[in-house]
Amino acid sequence: MTVAPYVLAVWLLLVGLYGVVTSRNLIHLTICLTVCQSASYVFLLAVGYRTGGTAPIFKGIPLGKRAVDPVVQALTLTDVVVSVTVLGLLLALALKAHERNGTLDPQDLSEVHG
Amino acid sequence: MTQRARLAVFGVGALGLALVLAWGIAGLPDFGHYPGPYGMLLNRVAVPERHASNVVAAVVFDYRGFDTLGEELILFAAVLGVALLLRSGKEAHEEPRPMASEAVRAVTARLVPVAFLFGLYTIAFGPVTPGGGFQGGVLVALSLVLVYLGVDLAAFRKLTPTPVVDLLEGGAAAAFVGMGLGSLVAGMAFLQNFLPLDKIGTLSSPGSINLLNWAAGIEVASAFVLLFVELLNYLEAPE
Amino acid sequence: MAPLLAAAGHFLHPRVDDLVAIATAAAVTTVCAVVLGGSQHRLLVHWFGGWTPRNGVALGISFSVDPFGAGLALLAAVLVTASLVFSWRYFDEAGKLYPVLMLVFLAGMCGFAYTGDLFNLFVFFELMGVAAYALTAYDPEESGPIEGAFNFAVTNSVGAFLILFGIALLYGRFGALNLAQLGESVTHHGLDGLAVVALALLLVGLLVKAAAVPFHFWLADAHAMAPAPVCVLFSGAMVELGLYGALRVYWTVFAGAAEPQADRVRAVLVGLGVVTALVGAAMCFLQRHLKRMLAYSTISHAGLFLVGAGTLDPKATAGAALWVLSHGLLKGSLFLAAGIVLHRLGDVDELRLHGRGRELRAARAVFFLGAAGLVGLPFVGGFSGHSLVEEGASSAGVGWVSVVLVLASVVTCAAILRAGARVFLGMGAREDPLLSPEPPERDPGDAAGGSLALMNGAALVLLVLGLAVSLVPGLEGHAEAAAGSFQNTRGYAVVVLRSAHQYSAAIPFRLELPPLSSILLGLLSGAGAVALAAASLRPRRRRVSDLVARPLAPLRAAHSGLVTDYVAWATFGTAVLGGLLALLLR
Amino acid sequence: MIPLQLVSMVLVGAAGLAVVLARDVLRQTLVNAIYWLALVLLFVVFQAPDVALSAVAVGCGAFPVVILVGLAKVRARERGRRE
């Protein structure tokens with residue numbers, strides 16, 4: 001069981017990619033992409049976890065007590081912000097695509113090719 | 001490609017990727033046995049050196065504060081991008097909405113200030129307890145969106161006049177950069193702390209972490225408000 | 001310390017004027033030049049927040065600037081300045097956001113080139129990305145740019161996730177993010193499965209930006225649809241930065257441990273580069289949309305740079321760097337010329353524009369001289385880089401790649417010459433069934449706005465700079481010294497983590513003529529390109545074009561414009577590259 | 001590993017699959033909010049309260065608002081086109 005969280009991260013990545021590849025709706029595709037990105041949160045937090053450790057917040061806890069890694073949490077925070085911005089931009093793009101072409105299905109949009 | 005061909009390409013790829021990742025994961029220490037040294041060192045030194053009991057905040061706003069600067073710029077660029085995309089030249093004119101009932105208005109009027117204050121509280125105590133500029137900033141922006149839900153877009157826009165929010169967003173990001181450059185000019189490293197440290201666990205304890213935390217909070221809150229305003233304007237704009 | 005000014009200095013309020021933006025970009029260019037000068041003799045290291053490492057453990061983030069990084073940042077700053085000059089009063093009212101996004105994009109590129117921290121590299125990767133997606137869709141009233149931006153954003157995000165997985169693998173094992181510190185740990189532990197997989201993931205993520213096959217699909221869509229002055233940056237700097245990032249990570253983190261198996265790493269990188277160069281060249285030749293044609297030529301060149309740097313030979317790496325420099329400037333001027341054509345004639349289709357470009361003298365000059373510089377005629381443009389790559393490749397035991405080098409350069413150059421001859425000279429047939437049909441494109445700019453003089457000026461300045469790269473005396477010596485320090489894994493770690501002062505060696509000034517064989521090869525390539533272009537201008541019988549088109553049909557069909565296909569291919573490519581590295585380096 | 005961690009991991013894995021398989025975007029938005037709640041639980045048991053707080057704000061606040069506004073526009077437009 002000691003690799004379960006890592007397996008979960010890989011699972012989320014692949015499931016999200018599957019969603020992207022099979023998607024027939026740009027908004028659906030965007031949400032699937034955020035599932036992929038959430039895999040990286042799980043992975044980052046998992047590698048920094050220490051069994052029995054507390055959160056790295058030393059308020060009312062003696063310094064030196066076993067705590068989990070604070071760096072991966074900071075990285076994950078940045079990662080979350082990135083995913084919001086990408087979602088916002090992709091959604092705006094999807095809305096404009098719908099405005100121009102009246103469809104959200106990527107297969108009906110084929111302005112760019114070859 | 002047909003759907004079948006695409007799935008075949010993806011299936012082979014996904015299987016291979018899973019195997020490759022599995023091989024990589026096999027080299028990781030077991031779950032719960034993070035070996036350090038980076039995080040362990042910070043857990044040891046951050047509180048005595050930075051007087052911030054929340055080590056994550058110390059990492060976000062000091063040790064790795066430069067990442068946060070990049071992150072603020074990403075947010076800034078994304079809001080610009082959304083504004084660029086959704087600009088339509090047409091003013092939003094709302095369909096007259098059935099007047100929200102008194103009850104809804106009353107609930108909104110009570111809920112908004114509470115949520116807003118909770119957001120500010122989350123920002124303020126970020127260096128001490130969980131929370132900080134990013135989380136609090138999003139909460140502040142969300143509390144203002146409640147006004148749209150409870151009343152209407154006009155009220156939301158009146159509450160968040162775009163020039164002011166623009167100025168706050170630009171100003172906060174500029175302040176972040178300015179603090180970095182300021183410490184550089186003063187002969188210190190970029191983003192180095194220049195304020196005295198206070199007793200651990202109090203609000204003024206961690207010096208410049210507070211300033212950067214507030215700059216980030218204001219930046220995030222105004223960026224999200226702008227994002228929501230752009231989207232809602234687009235929603236209400238005529239075709 | 002100057003490096004940060006560049007990354008930090010370009011924050012500006014949205015309501016900024018064109019002039020202020022140009023002045024800022026010029027200031028950043030100056031700062032970048034100063035940084036490049038300072039990095040000549042030692043690695044410049046700056047620790048943000050003043051958190052210097054303790055006992056070799058990094059607490060904060062560092063900028064660690066060497067001449068390659070500094071040079072790329074300078075190239076990016078020059079291109080941004082030229083693009084801003086080009087688009088002076090070009091965009092309409094809402095265009096006020098454009099210069100700000102360009103400056104944020106520049107900040108991302110500078111930070112990416114300067115950083116010495118793996119996660120910080122990811123942050124700047126995303127910053128470049130977000131600014132670039134928005135710039136691609138600059139004309140959101142057309143559907144092409146929107147799809148181009150969407151495909152670009154999704155594919156690059158997938159690359160970013162792979163980078164994050166690679167970072168997490170390394171962090172979970174070694175507890176470090178600084179490149180130098182990771183390098184010491186990986187070298188100490190040796191190249192086990194985890195390190196190989198991390199290497200594969202980071203390479204793939206960064207090569208998505210560098211448009212290596214099969215991660216390249218987004219590039220043509222984004223380039224064809226983005227405004228021409230934005231393409232200048234995509235082609236001239238962003239793609240090359242992806243490549244730089246991949247090799248920077250390889251040399252600082254993995255090279256020490258991979259040294260015994262360097263041959264196999266070389267085989268994978270060179271193989272990938274060869275495929276990319278050939279696919280790009282073939283697709284380039286099939287285009288009639290000028291910007292899309294130039295985009296595929298960029299893919300082909302990116303493959304050639306990957307070949308050069310992938311030989312892991314210092315001389316070839318130096319050659320690739322010089323080639324990147326001249327290519328960035330020349331390709332920039334070519335995109336600006338395409339922008340001028342679109343702005344004045346309202347079209348970018350080679351066949352529809354037949355003979356209509358006669359009046360555009362500057363654009364004409366750029367097209368023909370730029371093509372000459374790209375193919376590497378003796379002593380112009382990419383010639384010096386090309387010949388260094390050849391020398392280095394043969395000393396690394398992969399001399400056969402010079403065939404690919406010549407072939408790809410000839411085909412891409414012929415495509416540019418063919419288009420130039422049709423558009424500016426009115427030569428050749430008016431129809432060519434071989435070329436991909438494209439929908440018409442609208443000029444994103446304000447038709448009445450823009451100054452032709454400034455546009456011509458920007459394009460010509462880039463052209464002259466790009467052509468002159470091969471003529472600067474002593475530049476090869478500097479590039480080789482820079483390549484030596486770029487590949488010095490141990491030296492980098494010692495300077496960054498223990499602030500040692502080794503690293504510098506006075507660069508002897510030497511002036512040597514390139515071998516006769518490269519001069520002949522350059523002439524031969526030029527002649528070949530002219531011949532191929534002339535042949536393709538002649539009206540052809542159906543049978544002949546079918547003969548060319550049929551084998552390329554599947555390749556063409558793969559470039560479907562469907563983002564779901566692109567992600568499937570990217571997954572597939574990751575598995576193949578990861579599997580190959582795993583099998584070879586086991 | 002404590003049982004709570006295992007439970008939350010199973011929840012996240014299942015909810016992630018459900019998000020991808022929900023082909024109707026409105027339903028997907030709801031499932032996605034549930035998925036983020038599961039993630040929040042996971043972050044809490046991984047001792048990452050800062051991340052959990054931001055996941056609440058983003059996954060259960062910002063994401064649904066942004067996506068629902070987008071969907072509302074799409075539906076309004078489709079209604080307008082049909083008429």
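Start by selecting C:Glu184 and C:Arg498: their side chains meet in a salt bridge, 2.8 Å from N to O. This pair links distant parts of the chain, since C:Glu184 sits in helix α7 of chain C and C:Arg498 in helix α19 (residues 489-498), 314 residues apart. Color them by accessibility and you'll get partly exposed for both: C:Glu184 has a relative accessible area of 27%, and C:Arg498 has 42%. Keep in mind as you click around that this is a predicted model.

Next, select C:Arg288, C:Asp347, C:Asp349 and C:Arg352. Salt bridges that share partners join these four into one network.

Now pick C:Asp192 and C:Arg173, another salt bridge, at 2.7 Å from N to O. C:Asp192 lies in the loop between α7 (179-189) and α8 (193-209) of chain C, while C:Arg173 is in helix α6 (residues 143-174), so the pair ties together parts 19 residues apart in sequence. C:Asp192 counts as partly exposed, at 24% relative accessibility.

Time to cross between chains. Which residue of chain B forms a salt bridge with C:Asp565? Select B:Arg6 and you have the partner, with the closest N and O atoms 2.4 Å apart. The pair runs from helix α22 of chain C to helix α1 of chain B. Is C:Asp565 buried or exposed? Buried, at 0% relative accessibility, and B:Arg6 counts as buried too, at 1%. Over all chains, a search of the whole structure finds 18 salt bridges.

Stay in helix α22 (residues 563-585) and select C:Trp569 and C:Phe572, which are three residues apart, about one turn of the helix. The rule counts 35 aromatic pairs over all chains. In this one, the ring centres are 6.0 Å apart and the planes are at 80°, so the pair is edge-to-face. Both residues are partly exposed, C:Trp569 with 21% relative accessible area and C:Phe572 with 28%.

Last stop: show chains A and B together. Here 50 residues of chain B are in contact with 48 residues of chain A. About 4300 Å² is buried between them, 76% of it from carbon and sulfur atoms. On the chain B side, highlight B:Phe10, B:Phe31 and B:Leu85, which lose the most area to chain A.

Conventions. Residues are numbered from 1 along each chain as its sequence is written. Chains are lettered from A and ligands numbered from 1 in the order in which they are written. This is a predicted model: local features need pLDDT of at least 70, side-chain atom pairs count only at pLDDT 80 or more; totals for chains, interfaces and linings use all residues. Side-chain values use heavy atoms; hydrogens and water are left out. Contact means heavy atoms within 4.5 Å. Buried area is the accessible area (1.4 Å probe) that two parts lose on being put together, summed over both. Rings of Phe, Tyr and Trp (its six-membered ring) pair if their centres lie within 6.5 Å; planes under 30 degrees apart count as stacked, over 60 as edge-to-face and the rest as tilted. Helices (H or I, at least four residues) and strands (E, at least two) are DSSP runs, numbered from the N terminus. Buried means under 20% relative accessible area, exposed over 50%, partly exposed in between (1.4 Å probe, protein chains only).
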